[in-house]
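User: I am new to reading protein structures. Could you take me through one, feature by feature?

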Amino acid sequence: MQWLGRRESGNVDDRRGMSGGQIATGGGVIGVIFLIAQFLLGGGDMGDLSQIIPPGGGMQTEMTAEQKAKEEERAGFVKVVLADTEDVWDKLFREQGRQYQTPTLVLFRGYTTSACGSASSASGPFYCPADNDVYIDLSFAEDLENRFGAPGQFALAYVVAHEVGHHVQFLEGTSAKVQQLRQRVSEGEYNKASVMLELQADFYAGVWAHHNQKMKNVMQEKDIAEALNAANAIGDDRLQKQSQGHVTPDAFTHGTSAQRMYWFKKGWDTGDLSQGNTFASAR
Ligand SMILES: [Zn+2]
């Protein structure tokens with residue numbers, strides 16, 4: 001995606017400097033925080049990454065100049081992606097006679113706190129509905145590339161757009177409905193509903209990409225391939241196979257690789273919000 005020189009969102013809470021670029025590694029306190037975050041967030045957001053990224057994984061003691069430069073570039077990129085999501089969702093909401101309220105993107109390094117509890121880089125990026133913030137440790141981009149085999153800048157754009165998709169679900173009241181189900185249905189049924197919620201966030205990421213291209217003509221050929229490759233890489237079945245050697249469908253939290261790719265692609269192809277009812281679909 002062409003992004004250099006384009007508008008960066010101002011809705012960014014950059015906490016990366018708070019630890020002075022230096023973080024303790026290993027278990028101890030961070031391990032405990034990590035477990036709490038896992039409990040509160042239901043196992044990270046992009047998929048059950050906890051078994052792939054060990055606690056303390058993705059944390060650096062001191063960044064080299066080269067790493068710092070790379071991270072600055074990523075920070076600039078995600079700020080442009082966030083600005084693009086603001087423009088697209090603002091337009092799509094206005095078309096429905098509604099007003100889009102923007103989320104804040106929190107950039108952190110190592111660990112941070114949110115209204116949903118503490119989080120470490122090991123839990124992966126997530127959206128907290130209690131404070132409407134999207135949290136991301138940019139070292140996740142390294143994980144995408146090195147651990148999950150999903151390189152490319154647009155893989156990161158897909159991740160940000162997926163989290164913003166959860167924000168849209170919050171505004172639409174969909175996430176609250178799924179939460180309410182928790183008390184009424186079996187764990188298996190609830191689990192299925194939360195998978196549908198995740199797939200819809202993938203669909204919304206695709207819808208965003210569709211309209212971003214339509215409005216700004218900034219996308220490149222390889223972008224969608226990179227996003228689909230990332231969706232494929234973090235499907236539950238793929239992650240389970242990697243971590244435990246076999247697949248346990250009952251424990252899915254985000255959907256299979258095929259489902260995640262299907263819904264992102266459907267959003268990208270149609271750009272049509274009315275086609276994103278993952279809850280009513282057999283896919
Ligand atoms: Zn998600």
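Analyst: Start with burial. A residue is buried when its relative accessible area is under 20%, exposed when over 50%, and partly exposed in between, using a 1.4 Å probe and protein chains only. Thr-174 has 16% relative accessibility, so it counts as buried. A word on the source: this is a predicted model, where local features need pLDDT of at least 70, side-chain atom pairs count only at pLDDT 80 or more, and totals for chains, interfaces and linings use all residues. Residues are numbered from 1 along each chain as its sequence is written, and side-chain values use heavy atoms, with hydrogens and water left out.

User: How many helices and strands does the chain have?

Analyst: Helices are DSSP runs (H or I, at least four residues), strands are runs of E (at least two), and both are numbered from the N terminus. This chain has nine helices and six strands. Of its 283 residues, 53% are buried.

User: Where is Thr-174 placed, and what is Thr-174 in contact with?

Analyst: Contact means heavy atoms within 4.5 Å. Thr-174 sits in helix H5. Setting aside neighbours within four places in sequence, Thr-174 touches Gln-169, Leu-197, Gln-200 and Phe-279. Contacts can also be counted over the chain. Among those with a separation of 6 or more, 77% join residues 24 or more positions apart.

User: How do I read the packing of two helices?

Analyst: Under 35 degrees counts as roughly parallel, over 145 as roughly antiparallel, 65 to 115 as roughly perpendicular, and the rest as oblique. Take H5 (residues 174-184) and H6 (residues 187-216): their axes come within 9 Å and cross at roughly 165°. Therefore H5 is roughly antiparallel to H6.

User: What is the handedness of the crossing of H5 and H6?

Analyst: A crossing is left-handed if the near helix is turned anticlockwise from the far one by less than a right angle, and right-handed if clockwise. The crossing of H5 and H6 is left-handed. On the H5 side, the contact uses Thr-174, Ser-175, Val-178, Gln-179, Leu-181 and Arg-182. H6 supplies Tyr-190, Ala-193, Ser-194, Leu-197 and Gln-200.

User: How do the residues of that contact of H5 with H6 divide by class?

Analyst: Ala, Val, Leu, Ile, Met, Phe, Trp, Tyr, Cys and Pro count as nonpolar; Asp, Glu, Lys and Arg count as charged; the others, Gly among them, count as polar. Here five are nonpolar, five polar and one charged.

User: What span does H6 reach, and what is expected?

Analyst: The expected span is 1.5 Å times one less than the number of residues. H6 has 30 residues and reaches 43 Å from first C-alpha to last, close to the expected 44 Å. Of its 30 residues, 22 are buried, so H6 is largely enclosed by the rest of the structure. Asn-217 follows H6, with a positive phi near 50°.

User: At what angle do H2 and H6 cross?

Analyst: The axes of H2 (residues 65-95) and H6 cross at roughly 90° and come within 9 Å. That makes H2 roughly perpendicular to H6. Their contact has nine nonpolar, three polar and four charged residues.

User: Which residues of H9 are buried?

Analyst: They are Ser-257, Gln-259, Arg-260, Trp-263, Phe-264 and Gly-267. These pack against H4 (153-172), H6, H7 (221-233) and H8 (236-244). H9 (residues 257-270) has 14 residues and reaches 20 Å, close to the 20 Å expected. Just after H9, Gly-271 has a positive phi of about 65°.

User: How do H7 and H9 pack?

Analyst: Their axes are 7 Å apart, at an angle of about 150°. H7 and H9 are therefore roughly antiparallel to each other. Their crossing is right-handed. Ile-224, Ala-227, Leu-228, Ala-231 and Asn-232 of H7 meet Ser-257, Arg-260, Met-261, Phe-264, Lys-265 and Trp-268 of H9.

User: Is Asp-250 buried or exposed?

Analyst: Asp-250 counts as exposed because its relative accessibility is 71%. Asp-250 lies in the loop between H8 and H9. Glu-163, found in H4, counts as buried because its relative accessibility is 0%.

How values were computed: Axes are lines fitted to C-alpha atoms, for helices over the stretch in contact, and angles run from 0 to 180 degrees between N-to-C directions.
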